[in-house]
Amino acid sequence: MKILVCISHVPDTTSKINFIDDNKVFDNQGVQFVINPNDEFGLTRAMWFKEKQNATIDVINVGNSNTEPTLRKALAIGADKAIRIDAHPIDGFFVAKQISEYVSSNQYDLIIAGRESIDYNGGMVPGLIAGLTKINFVTNCINIEIDNKSVTLEREIDGGKETLSCNLPLIIGGQKGLVEESDLRIPNMRGIMQARQKPLEVLPTYNSESKTNSIKFHKPDPREEVKLISPDNLDELINLLHNEAKVL
Amino acid sequence: MSVLAYIESNKGKIKKNSFEIVSYSNELAKQLGTELVVLVINVENTSELNKYGASKIIKISNSELNNFDSLIFSNVISQVAKHTNSKHIVISSSLESKYLAPLLAIELDAGYLSNVVELPSNLSPFTIKRTCFTNKAFCESTIESDIKIIGLSSNAFGIIENEMNSSLENFEVSLLNKKITIQSTEKVSGKISIADADIVVSGGRGLKGPENWNLIEDLAETLGAATSCSKPVSDMGWRPHSEHVGQTGKPVATNLYIAIGISGAIQHLAGINSSKIKVVINNDPEAPFFKAADYGVVGDAFDVVPRLNEKLKAFKAQNS
Ligand SMILES: Cc1cc2nc3c(=O)[nH]c(=O)nc-3n(C[C@H](O)[C@H](O)[C@H](O)COP(=O)(O)OP(=O)(O)OC[C@H]3O[C@@H](n4cnc5c(N)ncnc54)[C@H](O)[C@@H]3O)c2cc1C
Ligand SMILES: Nc1ncnc2c1ncn2[C@@H]1O[C@H](COP(=O)(O)O)[C@@H](O)[C@H]1O
């Protein structure tokens with residue numbers, strides 16, 4: 001079984017978000033970058049298939065050379081090979097097109113992406129890849145089992161979950177549940193040493209357009225000071241919620 | 001040319017978030033100087049929609065569409081979009097709509113933006129505001145393709161009434177073959193889901209243990225609210241994972257979010273920040289949540305919450 005895990009390179013969840021160049025560009029000064037959390041759950045689940053079912057794992061990123069430490073980290077966790085498509089990821093469509101082009105000349109049984117990146121929050125790359133390649137697609141995936149070519153999955157739905165089945169090849173949008181937080185792996189010294197020897201292939205950009213563009217960023221307006229209400233005057237809280245905020 | 005709004009239904013009834021989608025789409029249609037078409041699938045009675053204004057309602061009735069399938073639904077919507085020559089398609093940010101939107105985008109060769117919070121600020125180039133960096137920032141984005149799909153954030157726009165009599169068209173669709181089979185569905189019954197709720201009551205580690213969750217549940221019941229929790233609470237198994245909210249959990253974009261015994265870590269706030277009004281109850285006046293909240297009570301949850309609940313019950317009894 002050949003697995004491809006899509007890796008988005010994102011600011012760590014504790015990062016302060018700032019912009020430069022007239023608010024056109026994200027300021028990565030002092031920001032620590034990590035594997036997108038949803039992708040890390042996916043990669044860890046892929047490791048399970050590697051160890052139990054002999055799968056091989058490639059990881060792919062569409063990005064500039066500064067994403068390579070993130071790809072090396074994925075190799076240190078246990079992926080076999082990394083691919084970087086050398087391009088600035090303009091939008092979800094552009095990224096999906098790059099990955100689809102790569103996939104169409106390199107067959108995979110399972111493609112794992114995240115349900116959403118925590119920077120762009122598009123929630124669209126895996127679905128767009130599925131649309132472009134006509135591969136089966138399940139997002140919000142919280143469990144996956146594979147027996148030969150047949151797959152059983154669980155998917156989060158609004159207000160519950162459902163169990164699905166389909167055949168490989170398949171692409172999923174993964175999230176927590178695929179594995180638990182406690183299953184996530186911190187690369188050890190041996191993994192880090194091995195990762196240096198593993199292939200990291202850099203491919204040129206496939207010719208493609210984008211459909212959307214991020215023009216300008218800004219941060220939410222600083223909010224007003226909190227109104228403190230004495231615990232002995234809870235009627236006042238209800239009054240404010242009813243008459244001022246109008247939410248009761 | 002028209003604007004097409006796709007709204008969801010559940011067992012024949014229009015889902016509540018639909019009225020916001022229709023309100024938004026109607027304003028968008030006005031801005032574009034065109035008409036609004038609303039698409040409903042397997043809805044018996046559409047008269048509720050008249051209040052919010054659509055020129056036309058397209059009704060599809062087909063028992064094969066009782067269960068959601070992203071591939072089949074996206075294809076159905078694309079058939080309707082082509083039939084009505086719609087260049088702007090508005091969908092919600094429910095899990096179903098987010099699932100089908102990228103597939104629809106490929107079918108229609110459209111550009112798609114999710115998490116949209118406003119009407120376009122400019123029509124040429126088509127420029128619209130969305131949230132990114134998990135609610136830590138906004139982005140002005142353009143859609144350059146001819147056909148545009150807009151995923152509206154819930155509770156970002158609100159509801160605008162606009163009485164109008166709509167014409168009704170029953171539309172026949174041909175369905176793609178299923179490639180994915182639903183084996184079973186498990187719904188937490190009798191409970192309001194976080195996505196559907198107007199009010200969410202959330203508990204953190206300050207509640208000390210799962211045995212104290214009646215505090216949260218009782219308050220939620222009084223308010224008709226959904227319940228949620230911080231990440232450590234679900235990690236420790238005090239509450240199910242489906243209640244974990246925040247940057248790495250479910251997003252909350254509700255009208256009122258009440259945080260009890262939650263410190264307000266940056267990852268928690270990121271996921272709940274787009275809620276309109278935030279109330280925090282915490283015994284530590286230095287808790288970071290107070291900097292992100294609209295109203296705060298510095299006090300012990302075990303004292304404050306039961307008393308608040310009693311007062312709210314009385315308030316509800318008086319005001320209903
Ligand atoms: C990569 C990553 C992702 C994360 N994602 C998320 C996420 O999505 N969602 C999330 O929630 N967290 C997330 N976290 C965890 C986050 O950093 C915090 O650790 C977590 O939100 C804290 O939960 P808490 O507020 O319930 O607990 P605590 O931080 O322990 O806070 C408990 C609060 O309760 C108050 N308290 C105690 N007793 C009482 C009482 N009797 N009455 C009233 N108040 C009381 C205390 O003053 C304190 O403020 C993430 C962390 C990381 C590293
Ligand atoms: N530049 C990228 N390179 C590789 N994979 C990506 C990239 N951007 C997004 N993805 C994948 O697509 C998922 C969803 O991203 P998004 O559509 O941006 O929310 C991520 O979790 C990744 O798995």
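Reply: The model is predicted. Chain A comprises 248 residues, of which 54% count as buried, and its secondary structure consists of six helices and 15 strands. The C-alpha atoms of the chain fill a box of roughly 65 × 45 × 40 Å along the principal axes.

Within this chain, the space taken by ligand 2 is the second largest pocket. Four elements of chain A each give two or more residues to the shell around the ligand, namely the strands β6 (56–63) and β8 (110–114) and the helices α3 (92–105) and α4 (125–133). Of these, β6(A) supplies the largest share, three residues.

The shell holds 21 residues in total, and those that come nearest to ligand 2 are D39(A), V62(A), S117(A), G123(A) and M124(A).

V62(A), one of the nearest residues, places a backbone N or O atom 2.9 Å from a nitrogen atom of ligand 2. Oxygen atoms of the ligand are approached as well: a backbone N or O atom of C6(A) lies 3.0 Å from one ligand oxygen, and a polar backbone atom of G114(A) is 2.9 Å from an oxygen atom of ligand 2. On its own, ligand 2 has 490 Å² of accessible area, and the protein covers 96% of it.

Key
Residues numbered from 1 in each chain as written. Chains lettered and ligands numbered in written order. Predicted model: local features only at pLDDT ≥ 70, side-chain atom pairs only at ≥ 80, totals over all residues. Heavy atoms only, no water. Near = heavy atom within 4 Å. Polar contact = N/O pair within 3.5 Å; in protein donor to acceptor, adjacent residues only side chain to side chain. Areas by Shrake-Rupley, 256 points an atom, 1.4 Å probe, with all protein chains shown as cover. 1 Å grid on protein atoms, 1.4 Å probe; cavity = no way out; pocket = protein on both sides within 12 Å on 5 of 7 lines; lining within 4 Å. Sits in = over half its atoms within 2 Å of the grid points. Buried < 20%, exposed > 50% of the residue type's maximum accessible area, 1.4 Å probe, protein only.
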